[in-house]
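The exercises that follow are meant to be worked through with the sequence and the 3D structure open. Please try each task before reading its solution.

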Amino acid sequence: MKTEIYTPERNVVDDDRTTIERTILSDYKYGFVTDIQADEAPMGLNEDTIRFISAKKNEPQWMLEWRLKAYRHWCTLAGEEPTWANVKYPPINFQDIIYYSAPKNKTNSKSLEEIDPELRRTFEKLGISLNEQKRLSGVAVDIVVDSVSIGTTFKEQLAELGIIFCSMTEAIQEHPELVKKYLSSVVPITDNYFAALNSAVFTDGSFCYIPKGVRCPMELSTYFRINAENTGQFERTLIVAEEGSYVSYLEGCTAPMRDENQLHAAVVELIALDNAEIKYSTVQNWYPGDKEGKGGIYNFVTKRGICKGNNSKISWTQVETGSAITWKYPSVILKGDNSVGEFYSVAVTNNYQQADTGTKMLHLGKNTKSRIVSKGISAGFSNNSYRGLVHVSKNAANARNFSQCDSLLLGDKCGAHTFPYIEVKNNTAVVEHEATTSKIGEDQIFYCNQRGIDTETAVALIINGFAKEVMNQLPMEFAVEAQKLLAISLEGSVG
Amino acid sequence: MLRIENLHAGIEGKNILKGFNLEIKPGEVHAIMGPNGSGKSTLASVLAGRQDYEVTEGSIEFLGKDLLELSPEKRAGEGLFLAFQYPIEIAGLSTINFIKTSVNEIRKYRGQEPLDAVAFLKLMKEKMALMDIDKSLLSRSLNEGFSGGEKKRNEIFQMAMIQPKLAILDETDSGLDIDAIRIVANGVNTLRNKDNAVLVVTHYQRLLDYIIPDFVHVLYNGRIVKSGPKELALELEERGYEFIKNEISVEEEV
């Protein structure tokens, strides 16, 4: 994401047109490979692979044992990959994947100045400056390439407020008590097939800890980049917001264009204590495969937050434009009384992309509220499914949920599907669900054409209008970029 | 400005316009009247470049260019505007953002700089007063939930913002009460000048009480069968389209 180029625009909607124009004709532009030497694990997965990863990271014994436990559990699930999602792909050979790949020079640099110049150029090309003076003053970034974090900006400034923002590897070394306490407390290692795999082999990710009463003064963000061939990326993110704290966190991701599929199986856990708020935004732009559906990233991700304390709030916002297959359901466990969970999503599929995405809102505490706004846009031969669960447990008096699921179709060869599940065990609950499906009509395009607006711009205007409610949730720095992405992802799908 | 010669056009293999001729000069207002199914909407659609319509014969020259060679957005750029009979809704896209995009895309086509926010706002306020349009309407999604009258007024408001050289009003009076017709007509009249032209396509003559045409043409069975001064519209209103049909059938028998 070009965070340092686009200064925050207050008037995003009015100014989107020029950015769309500039980019609408471009293809996936993040698809280049950086030629850097990598330090890799032998291909395949067994206990030695896990010992190798753990040793590489110089991990304490408890961490290794935790990984092995996850691995052994995963082995018991062999052949039980989830098949309920509305996506199709050939079986993954988990022995064909390299589970650890790190850029050779200066991994885990103590200082940003030490980063390999070749890598630095990669990120300049992606629009991310590692030079703190040049960066937007409002965003701190942790950079993860393949399996490892290569640097984190603004660490010292954040540390002054007691905020910990570092790579997961560093957190395990420096803050073991926090990691032990919270890791897998929201997504247990036995949660699902890919969460078990991630627990066994995760290599890095970001860790954030916001102390009591602190409002994090800048956006925290992690930028994930897959570079090496045949590798899988398995990152783990853990965010803890203590009582009365607030943090807004963003993640972005890209990968080179390759004919082979690559696996990305991440786990993200959020913990919000009393009166705390976490806002988590994702702009996902993994390589989606080519126009014939060859290559692309399998994005199988488990994201879950817990509103552990009373009056806490967790809000997920996602703009999903990339990946060959997306399988993810950022969820909120509403445990604290009066807690609030939100899920805002735009998922775009084009060509042969498949997405099965949605959320789970689990109402456990009293007076808990959740809001789901899902906008699916399908084009080409793609399939786009919303899958969501709203669960109100027996003791969750006065729970409220509102769900809105809208689908927009471009052309007649794509599919949009909605799978809402509602389980209500308390009769004071109010659960509302609304859904619409519409097509971009030739009439709409012609109307725009007649007013001097060409077809590509017209489509961009229409989809940005459709997705507006979700885009408005994104931090300003990223909203412009996300609108551009929408336009690019749908390039050539109409007309 | 506009010269249509021997135009044959139709949709889905059905011929609707069969040898249509018309010439419009700058400063003129022409009215095309005719019964349902005579080809009025086909004419408006063909001029604006709607894809489903096929031109099988004839030519259209607009300001020295071959109109049929131009895409719909280029026609708009050249100065052709169609006020739709049924304006289209786009959810989530604010009317004002749509109009700003439209105005600046057309400026871009003409090699002009986009209007900055201040200049745009000034123009907008001026035209809003002219069309008696409320600001809140412009911040709503394009045409979504607009009443029939609001949609038509919004069309003419866009026309006022874009300032086209040739404006085609396709049944703009349909579904409007008399007050709304006055506002719409007033907007059109204020915009008239010696350099631009208006083509009013209508079934009824009542709009022509307010937008006084220089020429009235009767379209019947895909051709103009009678042309005359503004009084022709009154005659049609009085005697109905039947008398034209009778005249035609008499001629054809002869």
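## Exercise 1: Chain A as a whole

In chain A, residues 24 or more positions apart account for 84% of the contacts with a separation of 6 or more, a contact meaning heavy atoms within 4.5 Å. This is a predicted model, in which local features need pLDDT of at least 70 and side-chain atom pairs count only at pLDDT 80 or more, while totals for chains, interfaces and linings use all residues. Residues are numbered from 1 along each chain as its sequence is written, chains are lettered from A and ligands numbered from 1 in the order in which they are written, and side-chain values use heavy atoms, with hydrogens and water left out.

Task: find how many helices and strands chain A has, and what share of its residues is buried.

Solution. Begin with the elements, where helices (H or I, at least four residues) and strands (E, at least two) are DSSP runs numbered from the N terminus: chain A has 11 helices and 23 strands. Then turn to burial, where buried means under 20% relative accessible area, exposed over 50%, and partly exposed in between (1.4 Å probe, protein chains only): of the 495 residues in chain A, 64% are buried.

## Exercise 2: Strands that pair

Task: determine which strands of chain A are joined to β19(A), and in which sense they run.

Solution. Start with β19(A) itself, which spans residues 369–378 and is mostly covered, since 8 of its 10 residues are buried. Two strands pair if DSSP finds at least two bridges between them. Strand β17 (residues 340–349) of chain A is joined to β19(A) by 10 bridges and the two run parallel; here A:Ala347 stands opposite A:Gly376 of β19(A). Strand β21 (residues 400–409) of chain A is also joined to β19(A) by 10 bridges, again in parallel, and A:Lys369 has A:Arg400 in β21(A) as its bridge partner.

Task: give the order of the strands in the 4-stranded open sheet of chain B, and name its edge strands.

Solution. The order is β2-β1-β4-β5 (chain B), and the pairing is antiparallel. The edges are β2 (14–24) and β5 (65–66) of chain B, each of which pairs on one side only.

## Exercise 3: Salt bridges within the chains

Solution. A salt bridge is a side-chain nitrogen of Lys or Arg within 4 Å of a carboxyl oxygen of Asp or Glu, and a search of the whole structure finds 27 of them over all chains. A:Lys212 and A:Glu243 form one, at 3.9 Å from N to O. The pair links distant parts of the chain, 31 residues apart, with A:Lys212 in the loop between β6 (206–210) and β7 (219–225) of chain A and A:Glu243 in the loop between β8 (236–241) and β9 (246–254) of chain A.

For another case, take A:Arg51 and A:Glu47, whose side chains meet in a salt bridge at 3.4 Å, N to O. Both lie in helix α2 (residues 47–56) of chain A, 4 residues apart, about one turn of the helix. A:Arg51 counts as partly exposed at 38% relative accessibility, and A:Glu47 counts as partly exposed at 24%. A:Glu47, A:Arg51 and A:Arg72 are linked in a network of salt bridges.

## Exercise 4: Where the two chains meet

Task: describe the interface between chain A and chain B by its contacts, its buried area and its salt bridges.

Solution. First, 23 residues of chain A are in contact with 33 residues of chain B. Next, the two chains bury about 2400 Å² between them, 57% of it on carbon and sulfur atoms, buried area being the accessible area (1.4 Å probe) that two parts lose on being put together, summed over both. In chain A, A:Phe446, A:Tyr447 and A:Arg451 lose the most area to chain B, together 32% of what that side buries. Finally, there are 2 salt bridges between chain A and chain B; A:Arg451 forms a salt bridge with B:Glu155, the closest N and O atoms being 2.6 Å apart.
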